[in-house]
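Open the model in your viewer and keep the sequence panel beside it. The tour below goes from one selection to the next.

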Amino acid sequence: MKTRADHSTYRRQPEGKSMHGRIVSDLGLAIVSGELKPGDRLPAEPQLLERYEISRPVLREAVRVLVAKGLVVSRQRAGALVRPRNEWHLLDPDVLYWLIQTKPQQEFLNTLMEVRRIFEPAAAALAARAASEDEVKRIEEAFAGMAAATDVEELLEPDLAFHRRIAEATGNDLMAYIGNMLSLALRESIILSSQLPNTHELSLPRHEAILTAIRNRDPLGARQATLVQLQETDDDLSNVLSSKGIVDLA
């Protein structure tokens, strides 16, 4: 399978942002990176107006976006204060993007794998019990797209869809939402692990085992097959990071 090391990933800064979007991104990154710490005030309004050469309504709308993402709280007279980290909406697409941008790659992947080990086996087991025939077909279609892929670009979307559709097949709206949000971070993991030769060919049977267990209404088998897939993914990521001179995943 052909790989593209320079393939655009979720780490790459989106282009063509409006001034409003740029302010939200700049301040969001400053907060998530720790440059602005919980309890800190955002830079004074006159300072931001001068820095970005914008109107007061544009700046205030940007601050409202940060409030909606749980990063700041706006208080009369005190201004906009950075909220504690445990109050941030970490599954918000922008906040998750900033998290990926600011965390060291190994630390981010460790965080992602810990969440996947908790979430994905349970989702697969529940899907094996609850999935409708149409939902199983949608998982099968995603797997067929993975099998037909010849490079990372073709693999990416069906692979993401495979995991997302399993979460949707649980019949649990909250799990479906979490699965959809995790796909933003999962994109980074798939692109990185695909840098190893033959990773695609080796991973297909592992994904097929998950699909087969769901198709056979075997929750225990679906859980176990998912755990095997995650362990192999962990090993693949460790090998990629080692080849880059980065310490293996914990």
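In which crossing, right-handed or left-handed, does H4 pass H8? Keep that in mind while you look over the whole chain. This is a predicted model.

**Whole chain**

Show the chain as a cartoon. There are ten helices and two strands. Starting at the N terminus, the order of elements is α-α-α-β-β-α-α-α-α-α-α-α. The C-alpha atoms fill a box of roughly 60 × 40 × 30 Å along the principal axes. The chain has 250 residues, and 46% of them count as buried. Now consider contacts between residues at least 6 apart in sequence: 73% of these join residues at least 24 apart.

**The two strands**

Select residues 72-75, which are strand E1, and then residues 79-82, which are strand E2. The two strands run antiparallel, and four bridges join them. Which residue in E2 stands opposite Val 73? Show side chains and you will find Leu 81 there. Next, select Ser 74; its bridge partner in E2 is Ala 80.

Move on to the turn. E1 and E2 make a hairpin, with three residues between them. Pick Arg 77 in this turn: its phi is positive, at about 75°.

**The helix pair**

Two packed helices are described by the angle between their axes and the distance between the axes. Select residues 93-102 for helix H4 and residues 173-193 for helix H8. Their axes come within 10 Å and cross at roughly 25°. Angles under 35 degrees count as roughly parallel, so H4 is roughly parallel to H8. As for the opening question, H4 passes H8 in a right-handed crossing.

Which residues of H4 and H8 meet? Show side chains for both helices.

- From H4, select Pro 93, Leu 96 and Ile 100.
- From H8, select Met 181, Leu 184, Ala 185 and Glu 188.

Colour this selection by residue type. The contact of H4 with H8 has six nonpolar residues, no polar ones and one charged residue.

Key
Residues are numbered from 1 along each chain as its sequence is written. This is a predicted model: local features need pLDDT of at least 70, side-chain atom pairs count only at pLDDT 80 or more; totals for chains, interfaces and linings use all residues. Side-chain values use heavy atoms; hydrogens and water are left out. Two strands pair if DSSP finds at least two bridges between them. Axes are lines fitted to C-alpha atoms, for helices over the stretch in contact, and angles run from 0 to 180 degrees between N-to-C directions. Angles under 35 degrees count as roughly parallel, over 145 as roughly antiparallel, 65 to 115 as roughly perpendicular and the rest as oblique. A crossing is left-handed if the near helix is turned anticlockwise from the far one by less than a right angle, and right-handed if clockwise. Contact means heavy atoms within 4.5 Å. Ala, Val, Leu, Ile, Met, Phe, Trp, Tyr, Cys and Pro count as nonpolar, Asp, Glu, Lys and Arg as charged, and the others, Gly among them, as polar. Buried means under 20% relative accessible area, exposed over 50%, partly exposed in between (1.4 Å probe, protein chains only).
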